[in-house]
Amino acid sequence: MNKKVDITSKRYFKYSLWLIAALTLLCSAAISMNVLKYSIVNALAISALYTVFINSIYVVFWRKMAKTSPNVMTKFYLAASALRLVSAAFVVTAYCLICHDKNSIRDFALLFMGFYIVMLVFDSVFFAHVEKSYTLKD
């Protein structure tokens, strides 16, 4: 079981990095084609770095919980989602306090929410598949 957990955690991290890179590249292309404003570059960097950081922490704790307490994974998913929501709200609030331009704040919030929602859907689909396959095989 521990080997499956290690493989799954590496796969999650790899897939999430590819997804973040694709989102960042897509936004960068939109900026270079003047579809998005150039001023959104800082928001793009913050959103991408936040997502990589949070996913790194998430996968480390998921691996530990899956190895030590696989029976309480539903509680872990709930707690991790709540902590992710609180940390995202903290980041958006901090950006609002630092930046005073309303348009910049709006652009940041929209881009950040885009990254957040995409990663939320990815986590839900990925771990639903993982839990389903672990349940069927065990």
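Leaving aside its neighbours within four places in sequence, which residues is Asn-55 in contact with? In this predicted model, the partners of Asn-55 are Tyr-12, Ser-16, Ile-20, Arg-84 and Met-119. Asn-55 sits in helix 2, and it counts as buried because its relative accessibility is 1%, with the cut-off for buried being under 20%.

Now for the nonpolar core. The largest one has 35 residues, and Trp-62 and Phe-127 touch the most other members.

| Helix | Residues |
|---|---|
| Helix 3 | 73–98 |

Helix 4 gives the largest share of the core, with 12 residues. As for Phe-127, its contacts beyond four places in sequence are Tyr-12, Tyr-58, Trp-62 and Tyr-77.

Helix 3 lets us do a quick check. Its 26 residues should span 38 Å at 1.5 Å a residue, and the end C-alpha atoms are 37 Å apart, so the two agree. Among the buried residues of helix 3 are Phe-76, Ala-80, Arg-84 and Ser-87.

Those four turn up again in the lining of the largest pocket, which holds about 210 Å³ of space. Helix 3 supplies the largest share of that lining, six residues, while helix 2 also supplies at least two. By class, the lining has eight nonpolar residues, one polar and one charged.

Definitions and conventions: Residues are numbered from 1 along each chain as its sequence is written. This is a predicted model: local features need pLDDT of at least 70, side-chain atom pairs count only at pLDDT 80 or more; totals for chains, interfaces and linings use all residues. Side-chain values use heavy atoms; hydrogens and water are left out. Helices (H or I, at least four residues) and strands (E, at least two) are DSSP runs, numbered from the N terminus. The expected span of a helix is 1.5 Å times one less than its number of residues. Buried means under 20% relative accessible area, exposed over 50%, partly exposed in between (1.4 Å probe, protein chains only). A nonpolar core is a set of buried Ala, Val, Leu, Ile, Met, Phe, Trp, Tyr and Cys residues joined through side-chain atoms within 4.5 Å. Contact means heavy atoms within 4.5 Å. On a 1 Å grid over the protein atoms alone, a cavity is a set of points where a 1.4 Å probe fits but cannot get out, and a pocket is an open set with protein on both sides within 12 Å along at least five of seven lines; lining residues have an atom within 4 Å of a point. Grid points are joined across faces, edges and corners, and a volume is the space filled by probe spheres set on the points. Ala, Val, Leu, Ile, Met, Phe, Trp, Tyr, Cys and Pro count as nonpolar, Asp, Glu, Lys and Arg as charged, and the others, Gly among them, as polar.
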